[in-house]
Amino acid sequence: MNATIVLLLVLALGLVSWFTARARARLLYAGRGSMHSMPQYHAWHVVLWVVVPAFVAWGLWSAISPVLIDQAVLNDPAAASLPQDPLQRSSILAEARSVASDPTFIGFSPLSTQLAEPMRAAQARFGLIGAILVGIVALAGGGYAFTRVRSRFPARTRVERAVMLLLLGASLLAVLTTAGIIASLVFEAGLFFKDVSPIAFLTGTHWSPANAIGDDVDANFGAVPLFWGTIYIGAIIAMIVAIPLGLMSAIYLTQYADTRTRKVLKPVLEILAGIPTVVYGYFAALTVAPAIRDLASSLGYPNPSTESALAAGLVMGVMIIPFVSSMADDAIAAVPRAMADGSLAMGATRSETIKKVLLPAALPGIVAGVMLAISRAIGETMIVVMAAGAAARLSADPLESMTTVTYQIVQLLTGDQEFNSPKTLSAFALGLVLFVVTLILNIIALRVVKRFREAYE
Amino acid sequence: MSNTWQTPEMTKRIARRHAAEKRFRLAGLTAIVLSLLFLAVLLFIMLKNGLGGLDWAFLTGSDATSADAAGVWGALKGSFLTMLVTLLLSFPMGVLAAIYLEEFAPRSRWIDWVEVSINNLAAVPSIIFGLLGLAVFINTLNLPRSSPLVGGLTLALMTMPIIVISGRNAIKAVPPSIRDAALAVGASPVQTVFHHVLPLALPGILTGTIIGMARALGETAPLLMIGMRAFVATPPGGITDPSSVLPMQIFLWSDEIDRGFVQNTSAAIIVLLVFLLAMNGLAIYLRNKFEVRW
């Protein structure tokens, strides 16, 4: 509540100062005729001086005022009966804070209700002081900047410098996100590897975190079955579907289809990439998996399960088709026309040209595209969550249920959890492995694509 | 003079090559038809199962324990609020970063790092962003669990690289002559970019933004991580209330054993697909209407 008022106050001051400063700069403009900066730059310069120091002051005040409030409450006569233990003290103060903000809240300690009144008074007092402080800082900043509204003052340069800082800050956000991902994954995974040895985690073949109590923790966190399931579903079954279909559709669209057909078919194919994964997952669970089970049992396969690696991989492969197709499209388009023309002029048919000239020449690009597709498939979550199953097993049978890294991350982190048990922390270790593997695949693929493009330019 | 091309062996050989040509062409066509057939079957099954459940009560109701009473409005509102947070954060940040990288960034090691990390972030699995959101926003900053605020923040981090990449392409497509003209009549570099380059690049940036937002709207996995899977029977009132989103509602309903929820799930999928289709349609319309070929 208080924060909203202060925010509005500062913004109102900013608005007023914008108009005042522009009016003053315009007067100067009319008097002299020649100025370094246009009036609105003077206005923005003053606004910056009003708003930025005020927000800095508000941030500082929000950081120190809780301490001041607590001190004020402790000086209250009602606080004389507080226990000396600092831990109990702070917990009672925290309760008093909750009671002060919400009168219906009932604390464990009766003292907290007594202290709520002084707490509220102190909060109001220090809130008011803070608001006044912010107001003074804003006025001081604005006043300082206002005195500098002169014809020679380079307001535009100053404003543009602030804009550049903003631009730089925005682009650093991406680095910050990457750093945040790495830091949080490494930190939490580090906590996990304190309990479980990394070697047991990366090479063990038994995965059952639910049983990981007591001494044999190491034995229950062997992640190899998860890695196998991920590779089997994402990199093998899905690619068996996606590579031929994606590649052939790219070839047909670029080499055979006329412009009109291409214009219609390409966007329609792209729809496949735009469908949310949860929809694919539902389709896999509702239609594809039962169909595969029925087919398997009609072929005499004993007890096929509803959740199968094949169903998840198949649907995932279809999802990846447009991706492979557009990567292959780019790679083929990058091959110089002269190569294909030369082959056709020698009397080769179109399909011979494609198979013997275009595809070999485009191969690095296609391989990079497939690597990106694999990195996307192994990071895919919803399809495997809904269709692949929970059983961690090492098997080459596509009709068996299989689990993946992403499935286990979801499984471990949803539902009731105590945060620091090895069970929940193992999800971050799995996330770290997933992140590192996709990162490596992406970096290699992007580098191959870059070098490949340069080779033909 | 006997022609080597007309010997029986040669005719046979040419016929074989032509047959191979035809087979290859047919294989290409089959690949496309198979992919589109899959799409058609998917859409058909969703429509068949879901159309019966699409009525006013379904569109205005909230989640409930019985399939008949359950509706999609609560999740839809949650999705709107989440997308609002995502858009308000990722659009300005993405556009500003794109401007900096394309127009002002010096060639330095630092900037190379920024570019590498943006390109990689665009390809990082979405579930990793969920882990980041869980570790940073919920466990470190103690923001309210399963709220549109945290969901929007997480999705904004995921959407920003997409906006940066499409924004850079749009800015790159503005011809240098525009910049030269502005600079020549005395505009400063910042004025050139904000008064001339940015307005011309805006349609392209908006197209990329809409596509990124459509992807965020369909995203489920990162939101699972930050706990947006609770049963929420009332629509959220603000961005800090617990809420669900549309794809999450689909996921939750798909887990229900009651057969009635099959209809609900499919109907919710239809609603989601209609929104996505509308957004992508808007993106294509914008591109066709405002795109200038220089």
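Author: The contact takes 64 residues from chain B and 66 residues from chain A, where two residues are in contact if their C-beta atoms, placed from the backbone, lie within 7 Å. This is a predicted model, in which local features need pLDDT of at least 70, side-chain atom pairs count only at pLDDT 80 or more, and totals for chains, interfaces and linings use all residues. Residues are numbered from 1 along each chain as its sequence is written, while chains are lettered from A and ligands numbered from 1 in the order in which they are written.

Reader: Which element gives the most to the side of chain B that touches chain A?

Author: Helix H1 (residues 8-50) of chain B, with 17 residues. Helices (H or I, at least four residues) and strands (E, at least two) are DSSP runs, numbered from the N terminus.

Reader: And how do the residues on that side of chain B divide by class?

Author: Into 48 nonpolar, 12 polar and four charged. Ala, Val, Leu, Ile, Met, Phe, Trp, Tyr, Cys and Pro count as nonpolar, Asp, Glu, Lys and Arg as charged, and the others, Gly among them, as polar.

Reader: What angle do H7 of chain A and H1(B) pack at?

Author: About 115°, with the axes of H7(A) (residues 224-256) and H1(B) 8 Å apart. Axes here are lines fitted to C-alpha atoms, for helices over the stretch in contact, and angles run from 0 to 180 degrees between N-to-C directions. H7(A) passes H1(B) in a left-handed crossing, meaning the near helix is turned anticlockwise from the far one by less than a right angle (clockwise would be right-handed).

Reader: Which residues make that contact?

Author: From H7(A) you have A:Pro244, A:Leu245, A:Met248, A:Ser249, A:Ile251, A:Tyr252 and A:Tyr256. H1(B) brings B:Arg25, B:Ala27, B:Gly28, B:Leu29, B:Ala31, B:Ile32, B:Leu34 and B:Ser35. By class, the contact of H7(A) with H1(B) has 11 nonpolar, three polar and one charged residues.

Reader: Ok, switching to domains. How is chain B divided?

Author: Into domain 1 (4-53) and domain 2 (57-289), with bounds from an automatic or database domain assignment. Their C-alpha centres lie 37 Å apart. Six residues of domain 1 of chain B are in contact with eight residues of domain 2 of chain B. The domain 1 side of that contact has two nonpolar, four polar and no charged residues.

Reader: And how is chain A divided?

Author: Chain A has domain 1 (3-153), domain 2 (157-189) and domain 3 (218-456). The C-alpha centres of domain 1 and domain 3 of chain A are separated by 53 Å.

Reader: How do H14(A) and H15(A) run relative to each other?

Author: Roughly antiparallel. The axes of H14(A) (residues 405-413) and H15(A) (residues 422-455) come within 9 Å and cross at roughly 150°. For the labels, angles under 35 degrees count as roughly parallel, over 145 as roughly antiparallel, 65 to 115 as roughly perpendicular and the rest as oblique. The residues that meet include A:Ile409 and A:Leu412 in H14(A), and A:Ser426 and A:Leu430 in H15(A). Taken by class, the contact of H14(A) with H15(A) has eight nonpolar, four polar and one charged.

Reader: What about A:Phe201, buried or exposed?

Author: A:Phe201 counts as buried because it has 21 C-beta neighbours inside 10 Å. The cut-offs: buried if 20 or more other C-beta atoms lie within 10 Å of the residue's own, exposed if 12 or fewer, and partly exposed in between, with C-beta atoms placed from the backbone. A:Phe201 is in helix H6 of chain A. Not counting residues up to four places away in sequence, A:Phe201 touches A:Val196, A:Phe221, A:Ala223 and A:Ala429. A:Phe201 and A:Ser426 are 225 residues apart in sequence, yet 9.2 Å apart in space, C-alpha to C-alpha.

Reader: Where does A:His206 sit?

Author: In the loop between helix H6 (198-203) and H7 of chain A. A:His206 is partly exposed, with 17 other C-beta atoms within 10 Å. Leaving out residues up to four places away in sequence, A:His206 touches A:Ala219, A:Asn220 and A:Gly222.

Reader: Last one: what's the phi of B:Ser146?

Author: Positive, about 50°, although B:Ser146 is not a glycine. Most residues other than glycine have a negative phi. B:Ser146 is in the loop between helix H5 (126-138) and helix H6 (148-173) of chain B, and it counts as buried, with 23 C-beta neighbours inside 10 Å.
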